[in-house]
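Reader: I'm new to reading protein models. Could you walk me through one?

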Amino acid sequence: MQAFTVHKGLVAPMDRANVDTDAIIPKQFLKSIKRSGFGPNLFDEWRYLDKGEPGQDPGSRKANPDFVLNQPRYQGASVLLTRENFGCGSSREHAPWALDQYGLRALIAPSYADIFFNNCFKNGLLPIVLPASAVDKLFDEVAAFVGYSLTIDLPRQVIVKPDGGEIGFEVQPFRKQCLVNGWDDIGLTLRHADKIRAFEAERLARRPWLARTPL
């Protein structure tokens, strides 16, 4: 998992509440058994004017010019500003995969659906919770200034605005530690690889029949 320490990125504003996971990555794209390739279909039904299918070349499709991520001023955005209850709906882990694979590194919203919120941290995506009033102000500033970027300093737990002003945010210490170090669940387990190998060796020494291949 990619570590998250300090990130500066262009902000894209998605002024919608209750964005569900089927909007983030529609169900027809969940057929893949791989954990990659979902970025081109992020927000597919809003991003394109035609219906998309798995394996279709995104370059052959007609983009929706009114959708925020298709607008020239937000090309290359890596921070998504949105409204309350983002990520509601089904528990599909493909949603944070698609956001990450599009190039987004952080989300800012007043609230998130619980399962989606947890899945973000497990996949290297930082979901920041701010009061609705602070989110409103950021929406106003993003609209007013082309190229509006934020610096997100996870170790210090602050968002630094272009004028130097800072907004603090809370994050659970264990989740913060995992993100800063780039530890997903597998990474956490592999930190104890030496102990696991020692345990397996000791267990096989006491019970050598466990190493036999059954007929």
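Author: Here are some questions and answers about this predicted model.

Reader: What share of the residues counts as buried?

Author: A residue is called buried when its relative accessible area is under 20%. Across the 215 residues of the protein, the share that counts as buried is 45%.

Reader: Is Asp-114 buried or exposed?

Author: Asp-114 belongs to helix α4, which covers residues 114-122. The cut-off for exposed is over 50%. Because the relative accessible area of Asp-114 is 61%, this residue counts as exposed.

Reader: How does Leu-210 count, by its relative accessibility?

Author: You'll find Leu-210 in the segment after α8 (193-206). The class "partly exposed" sits between the buried limit of 20% and the exposed limit of 50%. Leu-210 has 41% relative accessibility, so it counts as partly exposed.

Reader: Which residues make the nonpolar surface patch with Leu-210?

Author: To join a patch, a residue needs over 30% relative accessible area, and Leu-210 has 41%. The patch covers about 280 Å². Together with Leu-210, the residues that make it are Leu-204 and Trp-209.

Reader: Which residues lie nearest the centre of the largest pocket?

Author: The largest pocket holds about 170 Å³ of space, and 15 residues line it. By class, that lining has 6 nonpolar, 7 polar and 2 charged residues. Nearest the centre are Phe-29, Gly-37, Asn-41, Pro-54 and Gly-55.

Reader: What is the volume of the largest cavity?

Author: Rolling a probe the size of a water molecule over the atoms shows where empty space is left. The count of cavities of 30 Å³ or more comes to 1. For the largest cavity, the volume is about 30 Å³.

Reader: How many residues in the lining of the largest cavity are nonpolar, polar and charged?

Author: The residues that line the largest cavity are Leu-10, Val-11, Arg-73, Tyr-74, Val-142, Phe-145, Val-146, Gly-147 and Tyr-148. Gly counts as polar and Arg as charged. Sorted this way, the lining divides into 7 nonpolar, 1 polar and 1 charged.

Terms used
Residues are numbered from 1 along each chain as its sequence is written. This is a predicted model: local features need pLDDT of at least 70, side-chain atom pairs count only at pLDDT 80 or more; totals for chains, interfaces and linings use all residues. Side-chain values use heavy atoms; hydrogens and water are left out. On a 1 Å grid over the protein atoms alone, a cavity is a set of points where a 1.4 Å probe fits but cannot get out, and a pocket is an open set with protein on both sides within 12 Å along at least five of seven lines; lining residues have an atom within 4 Å of a point. Grid points are joined across faces, edges and corners, and a volume is the space filled by probe spheres set on the points. Patches are made of residues with over 30% relative accessible area and no salt bridge: like charges are joined within 9 Å, nonpolar side chains (Val, Leu, Ile, Met, Phe, Trp, Tyr) within 5 Å. Accessible areas come from the Shrake-Rupley method with a 1.4 Å probe; for residues, only the protein chains shown count as cover. A salt bridge is a side-chain nitrogen of Lys or Arg within 4 Å of a carboxyl oxygen of Asp or Glu. Helices (H or I, at least four residues) and strands (E, at least two) are DSSP runs, numbered from the N terminus. Buried means under 20% relative accessible area, exposed over 50%, partly exposed in between (1.4 Å probe, protein chains only).
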